[in-house]
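Subject: Structure handover

Hi,

Here is the structure we talked about. Please open it and keep it on screen while you read.

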Amino acid sequence: MDQISTRQSLPAEPRDFGFYVDGARVPAAERAVFIRHSPAHDVPVTRIPKCTEGDLDMAVDAARRAFDDRRWSGLSGQARAAVLLKAGALIRARAEEIAYWETLENGKPIAQARGEVLGCADMYEYASGLARSLHGDSFNNLGDGMMGLVTREPVGVVGIITPWNFPFLILCERVPYILASGCTIVVKPSEMTSATSLILAQILTEAGLPDGCMNVVTGSGSTIGQAMAEHPRIDMLSFTGSTAVGRRVVEAAGRSNFKKLGLELGGKNPQVVFADADLEDAADGVAFGIAFNTGQCCVSGSRLIVERSVADRFAEMVRDKLAKAVTGDPLDEATQIGAITTEAQNRTILSYIEKGKEEGARLICGGGALDMGQGQYIAPTIFGDVTAEMVIARDEIFGPVLTILPFDTLDEAIAIANDTDYGLAASVWTKDIDKALVVTRRVQAGRFWVNCTLAGGPELPLGGFKQSGWGREAGKYGVEEYTQIKSVHIEIGKRRPWIA
Ligand code: NDP
């Protein structure tokens with residue numbers, strides 16, 4: 001089945017995807033296979049090979065050859081841009097199909113998945129411009145006898161490890177920028193959600209990407225992911241996932257070849273709401289920020305830090321908003337909140353909700369699983385009377401669980417917002433521009449939203465402060481991360497001798 005009609009029904013049988021090396025799909029053959037069940041419907045939807053370390057070596061070798069013989073990095077920016085533009089067009093053309101498999105494996109609403117896929121097409125189109133405009137620098141101020149050049153060169157073979165929460169989006173926040181820089185790629189998607197990465201590999205080949213420049217190896221994190229982090233012939237690794245695994249990746253890189261790392265890790269992101277905000281807008285934004293993608297979002301606004309004078313009223317406004325959000329079958333166009341993606345994550349979220357109750361936080365809404373007849377669903381949950389020491393105020397829950405921490409002064413709001421090991425994202429809601437700017441300057445976060453949340457596109461970079469990661473993805477900064485710079489001194493005319 002290659003193209004899906006707009007009629008959203010479940011597949012009659014799970015689709016075999018294989019994996020992807022050197023421009024071609026490789027069937028599972030005698031390899032063990034992981035059968036992914038839809039977390040919303042409990043039926044098998046995809047069959048994905050459990051690749052071996054030998055398969056990973058084969059993919060790295062293909063990417064290595066493709067990089068070293070310059071079949072991609074040696075092309076002009078114009079030629080690379082043409083491939084990226086074509087890829088964007090093909091993603092648009094196959095958006096329904098990609099969204100369908102994303103929804104089946106991840107459990108997110110189909111309308112949301114479609115929006116993400118179209119946003120991804122835009123990233124290829126944007127990055128095509130960067131392929132043409134990426135350049136170095138020159139120094140004409142070194143005196144008449146010397147000229148300096150700084151050139152940008154692609155880092156080499158880049159590994160990408162992606163999580164299950166935004167399988168296609170997170171991949172596409174990296175791939176077009178990496179390709180724009182001239183690097184070649186080996187991807188390991190989360191075993192839970194490999195399908196759309198494999199569709200992307202096919203699309204890139206169809207768009208004219210030379211063989212070997214995009215490879216996808218499937219399998220578990222503890223085998224293939226760990227082997228990628230340790231692999232001596234991978235020059236750079238972009239890892240997105242938990243801070244705990246990020247730490248292991250750093251250790252593995254240190255033990256092997258000191259590969260360059262990009263890390264996008266966890267978050268416990270503040271939503272700072274002042275009494276002078278447009279509270280109606282802020283309540284809608286806070287509800288969106290915690291329930292979008294069922295809170296399985298590294299940039300979820302999971303800590304509501306609200307001015308005490310409006311705290312109770314505002315909590316009720318957010319509760320009322322969430323009560324109107326449509327939770328249900330993600331294949332239904334009207335659904336806004338879908339299923340929890342993995343069984344492990346479902347258990348984790350439910351255990352944090354129980355922890356919040358035990359810690360004495362006040363349950364304002366939600367508080368447990370939702371029975372939809374099939375699949376795994378959790379009701380959006382708000383806890384009031386939360387204190388800074390509570391586990392639910394500190395740990396990344398990665399689910400639709402909002403904790404409320406009131407404040408009295410601007411300085412106190414900033415202190416609470418910064419009282420976390422993380423620094424991924426933050427939002428501030430106020431009509432006072434001075435307050436908005438003070439909070440934006442003093443709260444430590446790689447992404448900031450003023451009177452909005454979770455906004456984004458291909459232009460602005462992503463990444464975290466503190467234990468939320470290293471480096472930036474997307475935008476011109478994202479392309480530059482995948483380059484290294486070389487300084488060139490050029491002597492003009494006769495050398496002044498060292499030995500007379
Ligand atoms: P992980 O960090 O375990 O998984 C993220 C990616 O890393 C997946 O592709 C996974 O593969 C892979 N991986 C797992 N172990 C290793 C390893 N030893 N070496 C290299 N790669 C590895 O996240 P989980 O999926 O287990 O989720 C746990 C928690 O992580 C969540 O509750 C949430 O707090 C956080 N998280 C944060 C994300 C973010 O966007 N910042 C995204 C996902 C999770 P596989 O899935 O195939 O095992």
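Below is what was found in it, topic by topic.

**The whole chain**

First, keep in mind that this is a predicted model. The protein chain is divided into two parts: domain 1 (15-265 + 468-486) and domain 2 (270-450). Domain 1 is therefore written as two stretches of sequence, under the automatic or database assignment used for the bounds. Where they meet, domain 1 puts 28 residues into the contact, and domain 2 puts in 28 residues. The C-alpha centres of the two domains lie 31 Å apart.

The UniProt record, an unreviewed entry, lists residues 34-488 as "domain: Aldehyde dehydrogenase". Over residues 34-488, the chain is 42% helix and 21% strand. The end C-alpha atoms of that stretch are 50 Å apart.

**The annotated residue, E264**

Where does UniProt place the feature "active site"? The record puts it at E264, again in an unreviewed entry. Find E264 in strand 12, which covers residues 260-264. Is E264 buried or exposed? Its relative accessible area is 6%, and buried means under 20%, so E264 is buried.

Now look at what surrounds E264. Leaving out residues up to four places away in sequence, E264 touches R174, F239, T240, G241, C298, L424, L462 and S468.

Start with helix 8, residues 221-230. Its buried residues are I224, G225, Q226, A227, M228 and A229. They pack against two helices, helix 1 (53-68) and helix 9 (243-255). They also pack against strand 8 (157-161), strand 9 (184-188) and strand 11 (236-240).

Then go to helix 14, residues 410-418. Here A413, I414, I416, A417 and N418 are buried. What do these buried residues pack against? One partner is a helix, helix 15 (433-442). The others are strand 13 (270-273), strand 14 (303-307), strand 19 (401-407) and strand 23 (465-466).

**Cavities**

How many cavities of 30 Å³ or more does a search of the whole structure find? The search finds 4. The largest cavity has a volume of about 80 Å³. Of the 13 residues that line it, the closest to its centre are S300, S302, E396, I397 and F398. Its lining has 5 nonpolar, 6 polar and 2 charged residues.

Most residues other than glycine have a negative phi. Two residues to look at here are D42 and T294.

D42 has a positive phi of about 60°, although it is not a glycine. D42 is in the loop between strand 4 (33-37) and strand 5 (44-49). Its relative accessible area is 47%, so D42 is partly exposed: the range for that class lies between 20% and 50%.

T294 is not a glycine either, and its phi is positive at about 50°. It is in the loop between helix 10 (279-291) and strand 14. T294 has a relative accessible area of 3%, under the 20% limit, so it counts as buried.

**One more loop residue, S194**

Last, find S194 in the loop between strand 9 and helix 7 (195-206). Its relative accessibility is 0%, so S194 counts as buried. Setting aside neighbours within four places in sequence, S194 is in contact with I48, E105, P189 and T218. S194 and G367 are 173 residues apart along the chain, and their C-alpha atoms are separated by 31 Å.

Best wishes

Conventions
Residues are numbered from 1 along each chain as its sequence is written. This is a predicted model: local features need pLDDT of at least 70, side-chain atom pairs count only at pLDDT 80 or more; totals for chains, interfaces and linings use all residues. Side-chain values use heavy atoms; hydrogens and water are left out. Buried means under 20% relative accessible area, exposed over 50%, partly exposed in between (1.4 Å probe, protein chains only). Helices (H or I, at least four residues) and strands (E, at least two) are DSSP runs, numbered from the N terminus. Contact means heavy atoms within 4.5 Å. UniProt positions are given in the numbering used here, feature names are shortened, and annotations may be inferred rather than shown by experiment. On a 1 Å grid over the protein atoms alone, a cavity is a set of points where a 1.4 Å probe fits but cannot get out, and a pocket is an open set with protein on both sides within 12 Å along at least five of seven lines; lining residues have an atom within 4 Å of a point. Grid points are joined across faces, edges and corners, and a volume is the space filled by probe spheres set on the points. Ala, Val, Leu, Ile, Met, Phe, Trp, Tyr, Cys and Pro count as nonpolar, Asp, Glu, Lys and Arg as charged, and the others, Gly among them, as polar.
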